[in-house]
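Please keep the sequence and the structure in view while reading the points below.

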Amino acid sequence: MGRFFSTISDIHMSFIQKQKIYFTASAPLSAEGHVNLSPKGMDSFRILSSTRVAYMDIVGSGNETSAHILENGRITIMFCAFEGPPNILRLYGHGYTVLPGDEEWEQLAPLFELQLGTRQIIVADIHKVQTSCGFGVPYYEYLGERDQAQKWAEHKGADGLELYKQEKNRVSMDGLPTALY
């Protein structure tokens with residue numbers, strides 16, 4: 001059975017900090033819009049307080065989360081245990097995008113090992129935490145991080161990445177503007 005909490009407890013923090021992968025989910029308000037679900041890794045998640053988290057977001061083929069939270073703020077972040085005791089932990093919140101050059105960037109960026117392809121930092125104010133059994137989640141072994149994103153970014157170079165973001169990351173697949181718009 002699932003349990004709900006109003007804040008991220010020390011036990012939750014400990015569990016989150018041990019995970020190598022997490023998933024973010026967001027959706028537009030339109031019923032015709034697409035729900036977005038993205039896997040994340042690369043030591044990119046930070047707990048800022050018992051009610052606030054942030055993650056470093058790198059350039060990708062789309063920028064759906066930024067568009068959705070710009071439109072309606074909703075974001076869910078999920079962690080699951082792939083080793084040890086079964087557990088699923090979800091963080092429900094309202095998020096926003098912090099871009100390089102924003103005032104808050106100077107406070108948040110030092111918390112991460114920024115990559116060449118770092119596009120933005122997503123911050124979420126958490127209003128509900130849920131844990132559930134995770135009995136159906138299989139065991140998986142962590143073998144390491146992939147290096148393709150970094151190699152791709154290095155090949156593009158800083159100017160190429162900026163051009164790519166302007167071409168591919170300004171508008172969502174449903175036509176919603178992102179924070180880069």
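Two strands are said to pair if DSSP finds at least two bridges between them. With that in mind, strands β4 and β5 are joined by a hairpin through 2 residues. The model is predicted.

**Strands and their partners**

- Strand β5 covers residues 52–58 and is mostly covered, with 5 of its 7 residues buried.
- Strand β4 (residues 45–49) runs antiparallel to β5, and 4 bridges join the two.
- Within this pairing, I47 stands opposite V53 in β5.
- Strand β5 is also joined to strand β8 (residues 118–132) by 7 bridges, and these two strands run antiparallel.
- The bridge partner of V53 in β8 is A124.
- Strand β2 (residues 22–26) pairs with β3 in the antiparallel sense over 5 bridges, and S26 stands opposite N36 in β3.

**Nonpolar cores**

- The largest nonpolar core has 19 residues, of which I8, F45, V53, I77, F79 and L91 touch the most other members.
- At least two residues of this core come from each of α1 (10–18), β5, β6 (74–80), β7 (88–98) and β8.
- Strand β8 provides the largest share of this core, 4 residues.
- Another core, of 9 residues, lies apart from it and has M56, L108, A109 and I121 among its members.
- When residues up to four places away in sequence are not counted, F79 touches F15, I16, Q19, I21, Y22, F45, N87, I88, L89 and L91.

**Aromatic rings**

- In the whole structure, a search finds 6 aromatic pairs.
- One of these aromatic pairs is formed by Y22 and Y55; the arrangement is edge-to-face, at 5.9 Å centre to centre with 70 degrees between the planes.
- This pair links distant parts of the chain, as Y22 lies in strand β2 and Y55 lies in strand β5, 33 residues apart.
- Y22 and Y55 are both buried.
- One aromatic cluster is formed by Y22, F45, Y55 and F79.
- Charged side chains also sit over rings: the charged end of K20 is over the ring of Y142, 5.1 Å from its centre, and the charged end of R170 is over the ring of Y181, 4.7 Å from its centre.

**Helix α2**

- Helix α2 (residues 64–71) is mostly covered, since 6 of its 8 residues are buried.
- Its buried residues are E64, T65, S66, A67, H68 and I69.
- The elements that cover the buried residues of α2 include β2, β3, β5, β6, β7 and β8.
- Just after α2, G73 takes a positive phi of about 80 degrees.

**Residue N169**

- N169 is found in the segment after α4 (148–168).
- Why does N169 count as buried? N169 counts as buried because its relative accessibility is 0%, and buried means under 20%.
- Leaving aside neighbours within four places in sequence, N169 is in contact with V59, G60, S61, G62, N63, R119, Y164, T178 and L180.

**Salt bridges**

- A search of the whole structure finds 7 salt bridges.
- One of them joins the side chains of R52 and E104 (3.9 Å, N to O).
- R52 in strand β5 and E104 in the loop between β7 and α3 (105–108) are 52 residues apart, so this pair links distant parts of the chain.
- R52 is partly exposed, with a relative accessible area of 26%, and E104 is partly exposed, with a relative accessible area of 22%.
- R52 forms a salt bridge with D125 as well, the closest N and O atoms being 2.6 Å apart.
- That pair links distant parts of the chain, with R52 in strand β5 and D125 in strand β8, 73 residues apart.
- D125 is partly exposed, at a relative accessible area of 29%.
- D147 forms a salt bridge with K151, with the closest N and O atoms 3.1 Å apart; D147 counts as partly exposed at 39% relative accessibility.
- A network of salt bridges links K40, D57 and R119.

Methods
Residues are numbered from 1 along each chain as its sequence is written. Side-chain values use heavy atoms; hydrogens and water are left out. Buried means under 20% relative accessible area, exposed over 50%, partly exposed in between (1.4 Å probe, protein chains only). A nonpolar core is a set of buried Ala, Val, Leu, Ile, Met, Phe, Trp, Tyr and Cys residues joined through side-chain atoms within 4.5 Å. Contact means heavy atoms within 4.5 Å. Rings of Phe, Tyr and Trp (its six-membered ring) pair if their centres lie within 6.5 Å; planes under 30 degrees apart count as stacked, over 60 as edge-to-face and the rest as tilted. A charge sits over a ring if NZ of Lys or CZ of Arg is within 6 Å of the ring centre and within 35 degrees of the ring normal. A salt bridge is a side-chain nitrogen of Lys or Arg within 4 Å of a carboxyl oxygen of Asp or Glu.
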